[in-house]
Amino acid sequence: MSAKLDRRHFVAAGASALAMPLISRGASAQAAWPSRQIRMICSYPAGGQTDLLARAYGEFIARQIGKTVVIENKPGASGAIGTAEVARAEPDGHTVLCSISTTYIMNRVVMKNPGYDMDRDLTLISVIPGAGLLLVANPKTGIKTLEDFVAFARKSGKVNFGTYSAGSAPHMTINELNKQYGLSIEPVHYRGEAPMWTGMLEGTLEAAMGSYTAAQSVLQSDRGTVFAVHSKKVDAIPTVKTLPDQGATSKFFTVSGFTGWSVPKATPQPVVDRLAELCVAANNDPKVKEVLATFVLEPALGFKETNALYQRELPVWIESAKSLGLEPA
């Protein structure tokens with residue numbers, strides 16, 4: 001399957017339904033929804049993973065409900081700008097947010113006032129668990145395992161380790177490894193994965209951490225060696241062990257992060273349930289499958305599974321984030 005996606009595949013479907021609604025409308029609250037087009041606000045830029053997931057799932061939902069799903073990109077402030085707009089929207093199921101765990105969890109720790117309160121203002125509908133993030137070393141270091149990395153860091157005294165933003169999962173990973181092994185790894189923060197991996201290509205970084213898909217430029221040019229994955233194995237590289245499998249003990253190495261959809265808090269539960277069911281049903285759509293495969297992602301979860309994952313991972317993310325010592329901006 002080609003990793004290149006045809007963006008035209010992800011334009012929201014028109015108002016004419018191509019199929020009968022997938023889920024029967026029982027309660028009156030369900031019968032009233034939708035009464036107009038759906039705004040799906042993506043709080044990250046067009047063309048990225050979050051945007052393409054929003055468009056693929058949005059197109060499927062549009063076909064089922066017989067209404068247009070319009071994708072609006074509202075990036076900025078680690079997703080807070082678009083999220084705050086959804087939090088203020090009418091709670092009628094016609095405004096939906098697509099964002100990531102940084103927006104849903106991290107912003108409450110690193111921002112004094114992100115413009116919304118996750119617990120008070122939003123309800124998670126469905127999430128796609130994050131893929132295993134890769135830890136990659138410059139081949140010149142000779143690092144092939146976590147043990148090698150720790151030995152290299154102790155000998156060098158300092159390691160330039162790339163992250164795609166302050167407060168990100170790679171940043172927290174560095175902090176946890178420093179604590180466990182008594183290291184002084186230096187995070188080098190970039191504005192996104194693309195420039196970070198460029199730093200690796202240019203040889204300015206000794207290690208970096210990010211997604212399997214975005215790391216391909218480094219791996220395919222033999223400019224990087226994968227020595228571990230964060231919390232779950234990646235099917236494409238099954239022999240590479242996770243950090244816990246190699247002896248790392250932090251609770252943070254048990255969480256995955258996620259991409260997910262939410263609505264304003266007072267949205268009727270029947271509408272929330274129906275949106276969640278539509279997200280799960282979309283997992284079987286060919287175009288959705290293509291996007292999931294491209295980014296090596298698992299399918300979207302149902303409402304109960306989503307909130308169980310959120311409640312399980314929330315305290316771990318918050319504890320690890322606070323230990324970074326970042327002052328809220």
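R39, E72, K74 and E85 are linked in a network of salt bridges, a salt bridge being a side-chain nitrogen of Lys or Arg within 4 Å of a carboxyl oxygen of Asp or Glu. The structure holds 13 salt bridges. This is a predicted model, where local features need pLDDT of at least 70 and side-chain atom pairs count only at pLDDT 80 or more, while totals for chains, interfaces and linings use all residues. Residues are numbered from 1 along each chain as its sequence is written, and side-chain values use heavy atoms, with hydrogens and water left out.

A quick word on terms: helices (H or I, at least four residues) and strands (E, at least two) are DSSP runs, numbered from the N terminus. Buried means under 20% relative accessible area, exposed means over 50%, and partly exposed is in between (1.4 Å probe, protein chains only).

**Salt bridges**

- R39 is partly exposed, at a relative accessible area of 23%.
- D51 and R55 form another salt bridge, at 2.9 Å from N to O. Both belong to helix α2 (residues 49–65), where they are 4 residues apart, about one turn of the helix. An α-helix has 3.6 residues a turn, so residues three or four places apart point the same way.
- Both D51 and R55 are buried.
- R63 and D285 also meet through their side chains in a salt bridge, this one at 2.5 Å from N to O. R63 is in helix α2, while D285 is in the loop between α10 (269–282) and α11 (286–294), so the pair ties together parts that are 222 residues apart in sequence.
- R63 is buried, with a relative accessible area of 16%, and D285 counts as buried too, at 8%.

**Strand β8 and its partners**

- Strand β8 (residues 207–210) is covered on both faces: A207 and M209 are buried on one side, A208 and G210 on the other.
- Strand β5 (residues 134–137) pairs with β8 in the antiparallel sense over 4 bridges; two strands count as paired if DSSP finds at least two bridges between them.
- Strand β6 (residues 160–163) runs parallel to β8, and 2 bridges join them.
- A208 of β8 is the bridge partner of V136 and also of G162.

**Aromatic pairs**

- There are 7 aromatic pairs, counting rings of Phe, Tyr and Trp (its six-membered ring) with centres within 6.5 Å; planes under 30 degrees apart are stacked, over 60 edge-to-face and the rest tilted.
- F149 and F161 have ring centres 6.0 Å apart and planes at 80 degrees, so they are edge-to-face. F149 lies in helix α6 (residues 146–156) and F161 in strand β6, so the pair ties together parts 12 residues apart in sequence.
- Both F149 and F161 are buried.
- F258 and Y310 are edge-to-face as well, because their centres are 6.5 Å apart and their planes at 75 degrees. F258 lies in strand β10 and Y310 in helix α12 (residues 303–322), so here the linked parts are 52 residues apart in sequence.
- F258 is buried at 3% relative accessibility, and Y310 is buried at 3%.
- Ring pairs link Y104, F258 and Y310 into a cluster.

**T267 and helix α10**

- T267 is in the loop between β10 (258–264) and α10, and counts as buried at 6% relative accessibility.
- The T267 side chain reaches the backbone oxygen of P264 at 2.7 Å.
- Leaving out residues up to four places away in sequence, T267 touches P91, D92, G93 and V272; contact here means heavy atoms within 4.5 Å.
- Buried residues of α10 include V271, V272, R274 and L275.

- Most residues other than glycine have a negative phi, and most peptide bonds are trans.
- The peptide bond from W33 to P34 is cis, with omega near -5 degrees. P34 is in the loop between α1 (28–31) and β1.
- A77 has a positive phi, near 55 degrees, and lies in the loop between β2 and α3 (80–87). A77 is partly exposed, at 43% relative accessible area.
- S78 has a phi near 55 degrees, also positive, and is found in the loop between β2 and α3. S78 counts as partly exposed at 37% relative accessibility.

How values were computed. A polar contact is a pair of N or O atoms within 3.5 Å; within protein, one must be able to donate a hydrogen and the other to accept it, and residues adjacent in sequence count only if both atoms are side-chain atoms.
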